[in-house]
Amino acid sequence: MSTEKAQRKRDLILDKAKELFIQRGYAATSMDELVKYTGASKGSIYYHFKSKEDLFIKLLAKQNQDWMKSWDEKKVRFVSFEEKLYGIAEHMVDDFQNPLTKIAEEFYINQPEHKSLLSEMLAIIQGPRRLYREILTEGAQEGRIPAEDVDEISVVFASLLDGMTVSYFERSQEELRELYRRGVTYFLHGVLTRTNK
């Protein structure tokens with residue numbers, strides 16, 4: 001199979017598998033159902049993916065790449081590093097509407113500790129964190145934050161955004177948008193009130 005043809009087949013399997021996972025959930029989707037729904041043979045699926053878990057991880061990686069590409073297209077609307085921090089936080093909130101996000105939560109919960117899967121999941125998580133670091137590097141170049149602390153500040157910012165995701169179950173989309181906006185404000189300006197002396 002030519003590389004281009006193989007890539008098209010792989011992408012088709014991923015696209016169809018995404019539809020099925022969204023319809024049925026991760027645990028309720030079997031390899032036999034994937035074969036039937038995608039129209040690909042079991043051998044073809046195993047040619048491209050080691051297992052159902054591997055297929056799903058690759059699907060999450062593709063979604064993550066799409067999310068980062070979408071941010072690259074969107075970020076030109078923001079001028080300063082501060083505006084970009086607000087913008088990427090909002091971009092994250094918008095992604096909560098992606099139905100694959102809920103299926104990913106189910107997947108993470110149901111996974112035993114596979115070191116290879118864990119390292120692939122960590123690589124997926126690192127993608128957005130690279131974007132945060134790029135934005136914060138701009139802040140350092142503008143003289144707004146210390147350049148020597150960019151790596152540490154990036155971890156703190158990523159942890160803030162990641163930690164707020166638990167509110168996904170408690171708030172509406174607009175409430176989440178406001179929470180993330182306030183979170184970025186607290187991150188940038190702190191929570192202590194300033195009194196005039």
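Analyst: Phe96 and Tyr180 are both buried, where buried means under 20% relative accessible area, exposed over 50% and partly exposed in between (1.4 Å probe, protein chains only). The model is predicted, so local features need pLDDT of at least 70 and side-chain atom pairs count only at pLDDT 80 or more, whereas totals for chains, interfaces and linings use all residues. Residues are numbered from 1 along each chain as its sequence is written, and side-chain values use heavy atoms, with hydrogens and water left out.

Rings of Phe, Tyr and Trp (its six-membered ring) pair if their centres lie within 6.5 Å; planes under 30 degrees apart are stacked, those over 60 edge-to-face and the rest tilted. In one of them, the ring centres of Phe96 and Tyr180 are 5.9 Å apart and the planes stand at 70 degrees, so the arrangement is edge-to-face. Because Phe96 belongs to the loop between helix 5 (81–95) and helix 6 (99–109) while Tyr180 belongs to helix 9 (residues 173–189), the pair ties together parts that are 84 residues apart in sequence. Helices are DSSP runs (H or I, at least four residues), as are strands (E, at least two), numbered from the N terminus.

Tyr180 is also among the residues with the most contacts inside the largest nonpolar core, which has 27 residues; the others are Ile88, Tyr132, Leu136, Phe157 and Leu161. Such a core is a set of buried Ala, Val, Leu, Ile, Met, Phe, Trp, Tyr and Cys residues joined through side-chain atoms within 4.5 Å. Two or more of its residues come from each of helix 4 (52–74), helix 5, helix 7 (115–141), helix 8 (150–164) and helix 9. The greatest share, seven residues, is given by helix 5. Tyr132 illustrates the packing: beyond residues up to four places away in sequence, Tyr132 touches Trp67, Ile88, Met92, Ser154, Phe157, Ala158 and Leu161, a contact being heavy atoms within 4.5 Å. A second, separate core of 23 residues includes Tyr26, Ile45, Leu55 and Met121. Tyr26 also forms one aromatic cluster with Phe21 and Phe56.

Helix 5 itself has 15 residues, of which eleven are buried, so the helix is largely enclosed by the rest of the structure. Those buried include Phe81, Leu85, Ile88, Met92 and Val93, but also Lys84 and His91. The expected span (1.5 Å times one less than the number of residues) is 21 Å for helix 5, which agrees with the 21 Å between its end C-alpha atoms.

Glu82 lies in this helix and counts as buried because its relative accessibility is 16%. Its side chain makes a polar contact of 2.5 Å with the side chain of Arg144. A polar contact is a pair of N or O atoms within 3.5 Å; within protein, one must be able to donate a hydrogen and the other to accept it, and residues adjacent in sequence count only if both atoms are side-chain atoms. Neighbours within four places aside, Glu82 is in contact with Arg144, Leu188 and His189.

Tyr86 is another buried residue of helix 5, and the charged end of Arg181 sits over its ring, 4.4 Å from the centre. This requires NZ of Lys or CZ of Arg within 6 Å of the ring centre and within 35 degrees of the ring normal. Elsewhere, Lys52 lies over the face of Tyr26, 4.3 Å from the ring centre.
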